[in-house]
Amino acid sequence: MRKISIIFVTWILLALPAQAADFNIYQSNFTPLQIAWQTIPAQDGAATNPARLIDQVVRNDLLSSQSFKALDPISFLATAQSALSKIDYADWRIIGADIVAVCQPQVRPDGTHWLLHIYDPFRNKQLASTDIANDGKAPRLLAHRIANFIYRTVIGVPGHFDSHILYVHKHGDFSDLVYMDQDGANRQVIGRNFTLLLSPDWSPNNQQVALNTYVGNRPRLELFNLANGKRTTFGHFRGLNSTPEFSPDGRFIAATLSIHGDPNIYIYDIRKRSWHQLTHAKAVNTTPTWSPDGQWIAFTSSRAGGNPQIFRKNIKTGAVLRVSTVGNYNTSPSWSPMGNRIALITRKDWSYALATIKPDGSDIHYLVTGKRVESPSWSKNGQMLIYSADINGTRRLYRIPAWGGHSQPITPANQDDSDGVWSR
Amino acid sequence: MNHRQQITLAIMLAASMVFAGCAKKNVVNADGSNKPIVHAGQQMPSTNGVAGANNMDAVRPSTNVIYFAFNSSAIDAAGRAVLDAHAAWLRNHPTMAITIEGNCDQRGSREYNLALGQERANAVRGHLTAQGIASSRVDTVSFGEERPACTGTGEACWAQNRHADIVTR
């Protein structure tokens, strides 16, 4: 299913800015699958409007993952309707459809149901079929669930299409906390006019946000309740209070404090409201990120010769291992929710790149380079990354598949947007 | 003086006014007045100017900014001279308390720069406390790369952004 894609590699090489020379941009051998996707209006026409919206949202979701390319319905030799009743696989093979996915709403006494059939014409088989009840959900959410089902059926990992993104929008001296669906819909400011706002992070239940803001020129760590907007300070020490990240079980928050001098990693127990120091190095130690099993924290430290490098520390045993080995500037680690890779920002000849490495530091994959490439954050299924970069004079959020592919902007141009973080 | 020299002189004068303005911006006089403190020819106190604890005439140093190299919190000779003068002044004004604000240029990660700015502020505090200034009188805060003095790119601009400011509380 995954073949060598020369087109992709060429595209990336052409798209690179001239000064970003030296990075060997990674591409997996994955070729997007051609999908014949169509939503058929209900027989009586009752659910036509949501059908059109759902068709579009599902298509956008699948395309945005860069795991799919959508065939134009004009090229279909057989109708999508026929695929629902009695599919002739040859009709779909001939137009090169790797996957056929057809959806139709049915109005029943208990409400609208969305029938979904997925076929693999080259293996002459139906991969899955399901019936998703429209249980009062908004059409967009329904569409994301349909896209998730197709993605999981075909790719084998859960979809991330029903997830959300938070980011920081800076205007003048103030910053807003902005919320949106992962596809950019439902964008709304949920926290207004912070004096500096950095490093928001979702709690694992997606109900709270930990963040770093400044009040009266002093940094503090706050919990922001997404349901009611209530802000609670949980870190307000002398010096630095920064880079909060929730543990995978939601019981702890790792953050950077400098209460005892050098910036070090501390862990906050949310229930007991107590802090415990994790690292004790006489150097900069910051940006903690948890392994998904909660056993390790990876972080940036200048303990080895003054340059920032990625280390990880075992919370129980106290063992410290160096992670990054390539380059003399490695920061902003973010551990994949799958556990198998760590995203980071790395520098080479004054160019910065988003890259991923294995937790033992090997197998570096450079994904994208650019001015002020910063703040990587993983989608919950570990398939996509978002980051911010300053391509045209203002920072903007982009997404890129973790296995390569190309960057796509997900916030409007000519704003100052940064610190994007994906819901869990 | 030919025309070009006149222009050069004019630019230098303008630049010195700009920098004088910057240096002055964060300074609040001990008596709360906004009487100008910075005068031409009083830019950088020399190490000779460190008067020692017994000199009750120690003047408020005109420069309150210490600059750093990239990714460094080490204080160079010029920075030490500025700090020695501030230490002398603080010794003679035992009721005064200060906040040191650490700042970074925009290169590198935002979060790391926040910590680096704290290291710079800590380094400045360490230099002052080593000279007998009580650490309770010296607060620190880092703004990382969030408050650039110069918003352009290039070393000339970045160098201005890698600094710690001594601000009177």
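Predicted model: local features only at pLDDT ≥ 70, side-chain atom pairs only at ≥ 80, totals over all residues.

Colleague: Let us begin with sheets. What holds the strands of a sheet together?

Modeller: Strands of a sheet pair through backbone hydrogen bonds, in either the parallel or the antiparallel sense. In chain A, seven strands make an open sheet with the order β11-β10-β9-β8-β7-β6-β28, and their pairing is antiparallel.

Colleague: Which strands of chain A stand at the edges of this sheet?

Modeller: The edges are formed by β11 (231-235) and β28 (417-422) of chain A. Each has a single partner strand, so one side of each is left without a neighbour in the sheet. Neighbouring strands of this sheet are turned by 45° against each other on average, direction ignored.

Colleague: How many bridges join β10 and β11 of chain A?

Modeller: Strand β10(A), residues 218-225, pairs with β11(A) in the antiparallel sense over four bridges. Glu222(A) has Thr233(A) of β11(A) opposite to it.

Colleague: Which helix lies across strands of this sheet?

Modeller: That is helix α3 of chain B, residues 110-130, which lies across β8 (188-202), β9 (208-215) and β28 of chain A. The helix runs at about 80° to β8(A).

Colleague: As that helix belongs to chain B, how should I describe chain B as a whole?

Modeller: Chain B contains four helices and four strands, and from the N terminus on they follow the pattern α-β-α-β-α-β-α-β. Of the 169 residues in chain B, 50% are buried. Among the contacts in chain B with a separation of 6 or more, 74% are between residues 24 or more positions apart. The chain exposes about 8,000 Å², of which carbon and sulfur atoms supply 59%.

Colleague: I return to chain A. What is the order of the strands in its four-stranded open sheet?

Modeller: The order is β12-β13-β14-β15, and the pairing is antiparallel. Here β12 (241-246) and β15 (274-277) of chain A stand at the edges with a single partner strand each, so one side of each has no neighbour in the sheet. From one strand to the next, the twist averages 30°. Strand β14(A), residues 264-269, and β15(A) pair in the antiparallel sense over four bridges. In this pairing, Tyr266(A) stands opposite Gln277(A) in β15(A).

Colleague: Now to single residues. Is Ser301(A) buried or exposed?

Modeller: A residue counts as buried under 20% relative accessible area. Ser301(A) has a relative accessibility of 0% and therefore counts as buried. This residue is found in strand β17 of chain A, residues 296-301. The side chains of Ser301(A) and Asn285(A) are joined by a polar contact of 2.7 Å. Leaving aside neighbours within four places in sequence, Ser301(A) is in contact with Val284(A), Asn285(A), Asn307(A), Pro308(A), Gln309(A) and Phe311(A).

Colleague: Where does Gly318(A) lie?

Modeller: Gly318(A) is in the loop between β18 (309-314) and β19 (320-322) of chain A. With a relative accessible area of 31%, Gly318(A) is partly exposed. Gly318(A) and Thr369(A) are 51 residues apart in sequence, and their C-alpha atoms are 34 Å apart in space.

Colleague: Finally, how does one describe a pair of aromatic rings?

Modeller: Such a pair is described by the distance of the centres and the angle of the planes. Over all chains, the structure holds 17 aromatic pairs. In one of them, the rings of Tyr89(A) and Tyr119(A) have centres 6.1 Å apart and planes at 70°, so the pair is edge-to-face. The pair links distant parts of the chain, with Tyr89(A) in helix α4 (residues 89-93) and Tyr119(A) in strand β4 (residues 111-120) of chain A, 30 residues apart. Tyr89(A) is buried at a relative accessible area of 14%, and Tyr119(A) is buried at 5%.

Colleague: Why is the pair of Tyr151(A) and Phe161(A) edge-to-face?

Modeller: The pair is edge-to-face because the planes are at 85°, with the ring centres 5.4 Å apart. Tyr151(A) is in helix α5 (residues 139-155) of chain A, and Phe161(A) is in the loop between α5 and β6 (164-171), 10 residues apart. Both Tyr151(A) and Phe161(A) are buried. Elsewhere, ring pairs link Phe234(A), Phe237(A), Tyr268(A) and Trp275(A) into a cluster.

Terms used:
Residues numbered from 1 in each chain as written. Chains lettered and ligands numbered in written order. Heavy atoms only, no water. Pairing = 2+ DSSP bridges. Helix = DSSP H or I, 4+ residues; strand = E, 2+ residues; numbered from the N terminus. Axes fitted to C-alpha atoms, helices over the stretch in contact; angles between N-to-C directions. Contact = heavy atoms within 4.5 Å. Buried < 20%, exposed > 50% of the residue type's maximum accessible area, 1.4 Å probe, protein only. Areas by Shrake-Rupley, 256 points an atom, 1.4 Å probe, with all protein chains shown as cover. Polar contact = N/O pair within 3.5 Å; in protein donor to acceptor, adjacent residues only side chain to side chain. Phe/Tyr/Trp six-rings, centres within 6.5 Å; stacked < 30°, edge-to-face > 60°.
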